[in-house]
Amino acid sequence: MMGHRRTILTAGGALAASGIMGRARAQATPTLKLGILGDLTGPYRDLSGLGTMACVRQAIDDLARAGTSVQVEVVHADHQHRADVGSALARQWFDQGVDAILEVNNSAIALAVADLAREKDKVFLATGPATADLHGPRCGPNHVHWTYDTWMLANGAGSATVRAGGDSWYFLTADYAFGHALQRDTARAVEAAGGRVLGQARYPFPATTDYSSFLLQAQASRAKVLGLANAGTDTVNCVKQAHEFGLTRRMKMVGLLCLLGDVRAMGAEAAQGLLTTEPFYWDLNDRTRGFTQRVLPRMPTGIYPSTNHAGAYSAVTHYLKAAAAMGTAQAKVSGRATIERMKAMPTDDDCLGAGRVREDGRKIHPVYLFEVKAPAEVRTGWDLYKLAGTIEAEQAMRPLSEGGCPMVRG
């Protein structure tokens with residue numbers, strides 16, 4: 001636990017030194033405390049970690065420049081993809097006065113943090129987890145599900161791939177809550193579109209690095225599509241190894257939660273033609289390009305902002321707008337009241353554009369289907385996507401009536 005404490009103090013100190021917390025006129029104003037519970041050392045570290053801290057700092061600075069000045073302290077820790085570690089840190093933070101926890105890019109830990117937020121009447125901004133249960137049967141009044149979810153990813157990539165002729169699937173799945181949910185929702189989307197699921201292979205997470213036996217099983221299935229129900233370095237290694245085996249020439253690869261940093265790590269040669277669904281891409285439009293130019297100097301060296309980072313920027317922006325509108329002191333009193341205010345206000349930011357927070361806590365915004373460019377089409381190292389389709393906001397997310405959220409009437 002001492003390692004976590006050093007991380008927390010360093011992160012908070014860095015923000016204080018930047019001047020975000022140091023405005024003399026705000027001395028009497030209560031400080032909102034945000035906790036980034038992410039992956040600093042594991043398979044999702046480049047999609048999380050210090051990049052998320054950079055984007056949270058950018059959100060605070062952008063709001064201050066726009067005239068919304070809120071006194072904020074930010075702490076950061078590594079959940080290590082262990083439910084006991086993540087839950088203990090979240091409970092400790094809430095007990096020590098942290099008002100909102102964000103990121104938590106592990107679905108099992110996120111479900112536990114959602115329960116804790118409700119118990120403590122705090123706020124959970126679920127910008128990192130993908131399980132759609134967070135706004136379905138496990139919805140609650142103290143959290144919002146922000147960036148992506150398994151239904152959204154499945155509906156985008158699964159349905160579109162079947163329509164393009166990829167009507168037989170095999171899944172390679174990380175054996176934990178996120179992987180199971182992603183495979184389940186994608187399989188439903190595939191079958192609803194008229195496709196078939198020919199098989200699956202589940203591997204131990206996060207201990208697996210050699211996927212050769214699982215890829216051989218996928219090849220033997222004779223499926224047209226290999227759906228990767230995983231993320232981070234797992235997805236990267238799967239695609240690289242599939243390319244080495246020549247599997248990418250025989251099967252269409254679909255990264256069901258594959259982000260820009262993953263594709264960059266794979267390289268365009270190995271990843272070309274891969275399909276992925278994301279709500280953010282740095283080169284999508286003028287607003288995303290402007291955000292990227294502002295935040296790049298803060299990002300870890302050599303890393304562009306990905307969807308996870310953008311989701312943190314978007315959620316913190318809206319949370320702080322809501323807190324400013326209701327008053328920081330009142331926002332600290334009740335996480336539930338703060339979430340209600342967030343639902344009552346439209347969302348709008350440079351990463352995810354305009355949208356809203358739905359009754360079940362799901363953030364609604366457009367989603368895009370991207371295809372990875374061939375190497376000859378790539379202009380710069382991060383110029384990797386071409387737009388293959390757009391799913392409008394209200395169609396991109398699971399219908400409210402189908403989620404099973406107990407907060408939804410009728």
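## Contacts of L172

Contact here means that heavy atoms lie within 4.5 Å. In this predicted model, L172 is in contact with A201, Y203, Y211, F214, L215, L226, G227, L228, A229, N230 and C238, once its neighbours within four places in sequence are set aside.

## Nonpolar cores

The largest nonpolar core comprises 105 residues, and L172 and L226 are the members that touch the most others. Helix α12, spanning residues 307-326, supplies the largest share of this core, namely ten residues. Another core, of 21 residues, lies apart from it; L89, V104, V113 and A117 are among its members.

## The seven-stranded sheet

Seven strands form an open sheet with mixed pairing, in the order β7-β6-β8-β9-β10-β14-β15. Its edges are β7 (196-203) and β15 (385-391), each of which pairs on one side only. On average, neighbouring strands of the sheet are turned by 25° against each other, direction ignored.

Within this order, strand β10 (residues 275-278) and strand β14 (residues 367-372) run antiparallel and are joined by four bridges. T276 has F370 in β14 as its bridge partner.

## Helix packing on the sheet

Helix α8, which covers residues 232-244, packs on the sheet and touches β6 (168-174), β7, β8 (225-229) and β9 (252-255). The direction of helix α8 makes about 155° with that of β8.

Conventions
Residues are numbered from 1 along each chain as its sequence is written. This is a predicted model: local features need pLDDT of at least 70, side-chain atom pairs count only at pLDDT 80 or more; totals for chains, interfaces and linings use all residues. Side-chain values use heavy atoms; hydrogens and water are left out. A nonpolar core is a set of buried Ala, Val, Leu, Ile, Met, Phe, Trp, Tyr and Cys residues joined through side-chain atoms within 4.5 Å. Buried means under 20% relative accessible area, exposed over 50%, partly exposed in between (1.4 Å probe, protein chains only). Helices (H or I, at least four residues) and strands (E, at least two) are DSSP runs, numbered from the N terminus. Two strands pair if DSSP finds at least two bridges between them. Axes are lines fitted to C-alpha atoms, for helices over the stretch in contact, and angles run from 0 to 180 degrees between N-to-C directions.
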